[in-house]
Amino acid sequence: MNTQLQLPFRGWSRAEESSKHGSGGERIPRVGLVLSSGGARGLAHVGVIQVLENADIPITAIAGCSMGAYVGSLWAAGLSGALLEERAREIKDRPTLKALMDFNIPPSEGLIRGEKLRRHLERDLGSKTFADLEKPLLVIATDLDRLTPHVFETGIVSHAVHASSAIPAVCAPVKLNGRRYTDGGVSEPLPVTLLKKRFNLDAIIAVNVMPKPEEFETCSDHTFIKGDKPADRAFTRPFRALWQKINLLANGNVLDTFRRALMAAQLHLINKEEEAADVVIHPRFVTSTWHDYENFEQYLQAGRDAASAALPAIRALLQGGANLNQETISHEIAPSHTRLERHAA
């Protein structure tokens, strides 16, 4: 693993030069942005990016995994925060999301292949390589053969993001160059340390959309949702009971148990990585699931709110006027009654 910043192509060279001097010749701090994994929660990254853009916060380099890699790759390719929001709004309902699912039959490697999602990303990225990006980007996946994190920084960006976003058991592993890769959130859900090793940065802003352990203890997070169904659907109860038995993702079934165990490990890793960041932006959601993309507005706004609250700490870093310890900025969005019913359905 190279620990020094390399500038092998013109995109990184532009980023390097622009980070040295502002318009008046003053040195602009080199700030890295880390975007965590988190499924649909990762839409909050878009709201954060919008606030950073509007506040003219300079970002020198980006690292992301899973949904953080997806959003980060589009931003690094030059899509604005406004255009990223347009992309988020395209998944307007559950049928639209299902249309992007290419189901594996039989699902021996995973429930879906993920090729449709990769092609969806390639509408904007095409065959761009990391060298073609406007900002330096690190995409982190998990190497299933070596059982280690793998940092993608060369090659075709969409292929790296596909590998980084392959949720274990839900998505089939992605085969690249003779190796198998899965979700980067398994091994590096908030890759602050990896970004530090790759770049000579003055500060790192980390965006963590994952819940905190204490939120599960106090039952203030509903990532794993249980609940009764609305009374007007009583006629479907026999079918729901059958679906509960055959749906591997249903509460208490094998993939649900696997996801809970995986999240336990992820939260432990994230806690350590947050300590290595200079500012941690932590959007908060009371009700959410990993596939909850149709409720994009809640996530976008949560990201905006948390990033706006973090701006004073970020500006203090840029100005060098404060000797900051880690700042953690959180904002909680309360769910509506309708939203809870939709998840119970």
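Hi everyone, and thanks for coming. A word on the ground rules: this is a predicted model, so local features need pLDDT of at least 70 and side-chain atom pairs count only at pLDDT 80 or more, while totals for chains, interfaces and linings use all residues. Residues are numbered from 1 along each chain as its sequence is written, and side-chain values use heavy atoms, with hydrogens and water left out.

Let's start with the overall picture. The protein chain holds 13 helices and nine strands; these are DSSP runs, numbered from the N terminus, with helices (H or I) of at least four residues and strands (E) of at least two. Of its 345 residues, 52% are buried. Buried here means under 20% relative accessible area, exposed means over 50%, and partly exposed is in between, using a 1.4 Å probe and protein chains only. Looking at contacts with a separation of 6 or more, 75% come from residues 24 or more positions apart, where contact means heavy atoms within 4.5 Å.

Now to the charged side chains. Side chains of opposite charge can pair when their charged atoms come close. We call it a salt bridge when a side-chain nitrogen of Lys or Arg is within 4 Å of a carboxyl oxygen of Asp or Glu. The whole structure has 14 salt bridges. One of them joins Arg304 and Glu85, at 3.1 Å from N to O. Arg304 lies in helix H12 (residues 296–319) and Glu85 in helix H4 (residues 81–89), so this pair ties together parts that are 219 residues apart in sequence.

Glu297 and Arg89 also form a salt bridge, with their closest N and O atoms 2.3 Å apart.

H12 has 24 residues and spans 34 Å from its first C-alpha to its last, close to the expected 34 Å, which is 1.5 Å times one less than the number of residues. At Leu311, H12 bends by about 45°, with Pro312 following within four residues; the bend is the angle between axes fitted to the seven residues ending there and the seven starting there. After H12 comes Gly320, with a positive phi near 70°.

On to the rings. How many aromatic pairs does the search of the whole structure find? It finds one. Rings of Phe, Tyr and Trp (its six-membered ring) pair if their centres lie within 6.5 Å; planes under 30 degrees apart count as stacked, over 60 as edge-to-face and the rest as tilted. Phe152 and Tyr181 have ring centres 5.1 Å apart and planes at 65°, so they are edge-to-face. Both are buried.

Ser66, not a glycine, has a positive phi of about 55°, and Asn177 has one near 50°. Ser66 is buried at 6% relative accessibility, whereas Asn177 is exposed at 79%.
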